[in-house]
Amino acid sequence: MRKKLPFMILQDILLTGLVLCVFALFHHVLPRMNPGPNSAASTPVVLTPAPEKAGPSRAEPQYETPWQETFAGRFTPETVVTENSYSSPEISVTIDTVSTQINGEPLVYYVADIYISRIENFQTYVENEYFNQFIKTPADELAQMCDAVVSINGDYCNAQDQFGFFVRNGVLYDDRQTESDICVLFRDGTMATYGPKEYTVEDVLARQPYQVWKFGPMLLDANGQPLEDFNVRGAIGGRNPRSAIGYYEPGHYCFVVVDGRQADWSRGLDIRQLAQLFADLGCRAAYNLDGGASATMTFDGQLINRQSKYREIGDILLIKEVGSQP
């Protein structure tokens, strides 16, 4: 029995070692070879959701100009013309005819509310580009020649021998200071009126004028209120047929024509009453143009107001389509 004891001890030791090896294999070695999802040795996997099926695409509106976006609700994808309105991707015009009374006498006037998408939609046309001969044409024919959506007569520019500061459609024709009020439409769409001592030609030119008109007077002060004193002489201040332009904000303007000298239809407005009308419309600036029998408004190539007597004219302010610009 004593001779077998060392062998049995050795056998027990070997068996114990085998058990320990098996335990170590399953509890330490194999887990390290196959780490679980929370092990620091595993590689992170970014799970991405299955792509969604594409639905119908909704294209965002495409705007060519800032004004097209600002006044998007005014423009239409296609050209739409009614009896008193016009809308397209770049122009919106609505004309209201107002029949009322003032001091118990009849008054009829026309307000064209105008939105444009770019400054080039607002143009001036003069029958004689050299401005040295007064060529006259019926207002509706001038409008048709220019493809005008809406137009009014201008500032009588090609019948004035000494015109003074004069810009048309971005072209400077004369840079002399004048004694008249001027109205300036700048390329950024802002419009401002100035008395003869309130500006210098150099300052205006530095701001890139697109149109400079000279007839007058200007009608509103810096706060959009009617002026108390007007730079006007003689019969121009009295009760007459009127043409004038108003400004709300860049890209938004109005043309106003007042019928007059017709006792059974419309007596017209004096200069104070005209200024009050533009203040009531909410304009920030307004300017009187040539009036009397020249006061005319066309829409879609047709004369829509009643001239006090038939008269042909030499220039017009107009709104027209110009298409995409480079």
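Burial, cores and ring pairs

User: What makes Phe 255 count as buried?
Analyst: Phe 255 has a relative accessibility of 0%. Buried means under 20% relative accessible area, with exposed over 50% and partly exposed in between (1.4 Å probe, protein chains only). Phe 255 at 0% therefore counts as buried. Phe 122, also at 0% relative accessibility, counts as buried too.

User: What kind of model is this?
Analyst: The model is predicted; local features need pLDDT of at least 70 and side-chain atom pairs count only at pLDDT 80 or more, while totals for chains, interfaces and linings use all residues. Residues are numbered from 1 along each chain as its sequence is written, and side-chain values use heavy atoms, with hydrogens and water left out.

User: Why is the pair of Phe 122 and Phe 255 called edge-to-face?
Analyst: The structure holds eight aromatic pairs. In the pair of Phe 122 and Phe 255, the ring centres are 5.8 Å apart and the planes stand at 75°. Rings of Phe, Tyr and Trp (its six-membered ring) pair if their centres lie within 6.5 Å; planes under 30 degrees apart count as stacked, over 60 as edge-to-face and the rest as tilted. With its planes at 75°, the pair is therefore edge-to-face. Phe 122 belongs to strand 5 (residues 122-126) and Phe 255 to strand 13 (residues 252-258), 133 residues apart. A strand here is a DSSP run of E with at least two residues, numbered from the N terminus.

User: What makes the pair of Tyr 247 and Tyr 253 tilted?
Analyst: The planes of Tyr 247 and Tyr 253 are at 35°, with 6.0 Å from centre to centre, and the pair is tilted. Both tyrosines are buried.

User: Which residues have the most contacts inside the largest nonpolar core?
Analyst: They are Val 93, Phe 122, Phe 255 and Phe 278, in a core of 59 residues. Strand 4 (residues 105-116) gives the largest share, nine residues. Apart from this core lies another of 11 residues, among them Ile 182, Tyr 194, Val 204 and Val 212. A nonpolar core is a set of buried Ala, Val, Leu, Ile, Met, Phe, Trp, Tyr and Cys residues joined through side-chain atoms within 4.5 Å.

User: How do you know that strand 9 is largely enclosed by the rest of the structure?
Analyst: Five of the five residues of strand 9 (residues 182-186) are buried, so the strand is largely enclosed. Ile 182, Val 184 and Phe 186 are buried on one side, and Cys 183 and Leu 185 on the other.

User: How do you know that strand 9 and strand 10 pair?
Analyst: Two strands pair if DSSP finds at least two bridges between them. Strand 9 and strand 10 (residues 191-194) have four, in the antiparallel sense. Ile 182 has Tyr 194 as its bridge partner. Strand 9 also pairs with strand 11 (residues 209-213), again antiparallel and over four bridges, with Phe 186 opposite Pro 209.

User: What sits over the ring of Phe 186?
Analyst: The charged end of Arg 207 does, 3.8 Å from the ring centre. The rule asks for NZ of Lys or CZ of Arg within 6 Å of the ring centre and within 35 degrees of the ring normal.

User: How many disulfides are there?
Analyst: The count is zero. Cys 283 is in no disulfide, with the nearest cysteine sulfur, that of Cys 254, 3.7 Å away. A disulfide is a pair of cysteine sulfur atoms within 2.5 Å. Cys 283 has a relative accessible area of 3% and is buried.
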